[in-house]
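Welcome to this short tour of a protein chain. Take a look at the sequence and the fold below, and then we will walk through them together.

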Amino acid sequence: MLKHKKAAAQLLGGVLAAFFGAGQVAAAPDAALVAKGEKLYNQNCSVCHQPDAIGKPGFAPSLANPEFLSIASDKFLMSTIRDGRVGTGMPPFSHLGRQSIKAIVAYLRSHEKLPNRAAEVDAQPDAHGDPRLGKQWYDNICSTCHGMAGDGYAAGGTGTAIGKPGFLHKVSDGFIRTTIKEGRSNTRMRGFQGADGLANLSDQEIDDIIVYLRSLSK
Ligand code: HEC
Ligand code: HEC
């Protein structure tokens with residue numbers, strides 16, 4: 001699959017180069033950057049996030065997950081990789097430098113299967129609601145996997161540390177909202193809206209949970 005994509009990107013790059021002249025291919029997918037990123041990924045990340053970034057429940061989340069990539073902005077990915085998440089298993093990689101982190105992001109993006117809608121998701125309005133009601137939902141439904149205070153794996157579950165600043169300070173309310181609504185396919189994070197969800201939460205209930213989560217990192 002990846003090989004095909006790469007070959008296609010190279011072919012496209014070649015065709016564009018022939019058509020426009022080498023100077024104009026900058027907009028074509030940069031196969032060299034992706035290859036560099038793949039190498040860096042294998043050296044620095046695959047020990048936790050696994051080969052092909054598929055993740056490992058309770059150890060490191062999937063970075064190839066389609067829903068995740070579709071709502072993650074480059075800014076979120078770059079800064080999370082640079083700073084890591086303090087108090088979790090995700091170390092900072094600022095020593096790699098910006099160009100290398102950019103290459104890793106290009107490699108992660110080469111797994112992208114859904115159209116990217118990070119800009120639209122990040123532009124959603126902030127959540128408004130009642131943190132006390134949000135806490136009730138959180139304690140009843142989310143804490144099993146994410147830990148009572150959003151501590152993540154440290155609490156023994158399979159969910160990440162969504163109550164910690166390393167996550168909360170880097171995401172928009174739209175990112176959190178969309179993840180709760182739609183979940184992440186083929187992970188234990190199922191969506192919480194519609195009949196297939198673990199629970200069918202209303203938009204207001206989801207916003208109550210977001211307001212509660214935000215209160216944890218203050
Ligand atoms: C020692 C293990 C380890 C290594 C090495 C590691 N990570 Fe992580 N990473 C984690 C853990 C654990 C988390 C989840 C932290 C939490 O609970 O919030 C994470 C989270 C992330 C996230 C956020 C994902 C999400 O679902 O929001 C990104 C992006 C990420 N890592 C990228 C990378 C990249 C790129 C590398 C290599 C440069 C890397 N990580 C190396 C353990 C690791
Ligand atoms: C059955 C376990 C489970 C339950 C219950 C659960 N989650 Fe998750 N959640 C996960 C897992 C697992 C992930 C990360 C997916 C991965 O590992 O690739 C996740 C990811 C997330 C993320 C993205 C975090 C990040 O690091 O990018 C948010 C936000 C989130 N969950 C919110 C919630 C909320 C709010 C609830 C309760 C309404 C909830 N989850 C209930 C397992 C769960």
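How many nonpolar, polar and charged residues does the shell around ligand 2 have, by class? The shell around ligand 2 has twelve nonpolar, ten polar and two charged residues. Keep in mind as you read that this is a predicted model.

## The chain as a whole

Let us step back to the overall picture. The chain has eleven helices and zero strands. Reading from the N terminus on, the order of elements is therefore α-α-α-α-α-α-α-α-α-α-α. The chain has 218 residues, and buried residues make up 33% of them. Among contacts with a separation of 6 or more, 65% join residues 24 or more positions apart.

## Two ligands and their surroundings

Ligand 2 is surrounded by 24 residues, the closest being Cys 142, Cys 145, Gly 159, Thr 160 and Met 189. Two or more residues of this shell come from helix H8 (131-146) and also from helix H10 (173-182). H8 gives the largest share of the shell around ligand 2, with five residues. Domain 1 (30-114) and domain 2 (124-216) each contribute at least three residues to the shell around ligand 2.

Here are the two shells by class:

## Helix H2 and its buried face

Which residues of H2 are buried? They are Ala 31, Val 34, Gly 37, Glu 38 and Tyr 41. Seen down the axis of H2, these buried residues fall within an arc of 115°, so they line one face of the helix. An α-helix has 3.6 residues a turn, so residues three or four places apart point the same way. On the other side of H2, Ala 32 and Gln 43 are exposed.

H2 covers residues 31-44, and its 14 residues should span 20 Å at 1.5 Å a residue. The C-alpha atoms at its ends are 20 Å apart, which agrees.

The same check works for helix H11 (residues 203-216). Its 14 residues should span 20 Å at 1.5 Å a residue, and the end C-alpha atoms are 21 Å apart, which agrees. The buried residues of H11 are Ile 206, Asp 207, Asp 208, Ile 209, Ile 210, Val 211, Tyr 212 and Leu 213. What covers them includes H8, helix H9 (165-168) and H10.

Leu 133 lies in helix H8. It counts as partly exposed because it has 16 C-beta neighbours inside 10 Å. Leu 133 and Ile 209 are 76 residues apart in sequence, yet their C-alpha atoms are 7.5 Å apart in space.

Asp 173 lies in helix H10. Is Asp 173 buried or exposed? Asp 173 is buried, because 20 other C-beta atoms lie within 10 Å. Leaving aside residues up to four places away in sequence, Asp 173 touches Gln 124, Asp 126, Ala 127 and Ile 210. Asp 173 and Asp 126 are 47 residues apart along the chain, while their C-alpha atoms are separated by 5.5 Å.

## Two positive phi angles

Most residues other than glycine have a negative phi. Gln 50 has a positive phi of about 75° although it is not a glycine. Ala 53, also a residue other than glycine, has a positive phi near 60°. Gln 50 lies in the loop between H3 and helix H4 (66-71), and Ala 53 is in the loop between H3 and H4 as well.

How do their surroundings compare? Gln 50 is partly exposed, with 16 other C-beta atoms within 10 Å. Ala 53 counts as buried, because it has 23 C-beta neighbours inside 10 Å.

Key: Residues are numbered from 1 along each chain as its sequence is written. Chains are lettered from A and ligands numbered from 1 in the order in which they are written. This is a predicted model: local features need pLDDT of at least 70, side-chain atom pairs count only at pLDDT 80 or more; totals for chains, interfaces and linings use all residues. Helices (H or I, at least four residues) and strands (E, at least two) are DSSP runs, numbered from the N terminus. The expected span of a helix is 1.5 Å times one less than its number of residues. A residue is buried if 20 or more other C-beta atoms lie within 10 Å of its own, exposed if 12 or fewer, and partly exposed in between; C-beta atoms are placed from the backbone. The arc is that of the directions from the helix axis to the C-beta atoms. A residue is near a molecule or strand if its C-beta atom, placed from the backbone, lies within 6 Å of it. Ala, Val, Leu, Ile, Met, Phe, Trp, Tyr, Cys and Pro count as nonpolar, Asp, Glu, Lys and Arg as charged, and the others, Gly among them, as polar. Domain bounds come from an automatic or database domain assignment. Two residues are in contact if their C-beta atoms, placed from the backbone, lie within 7 Å.
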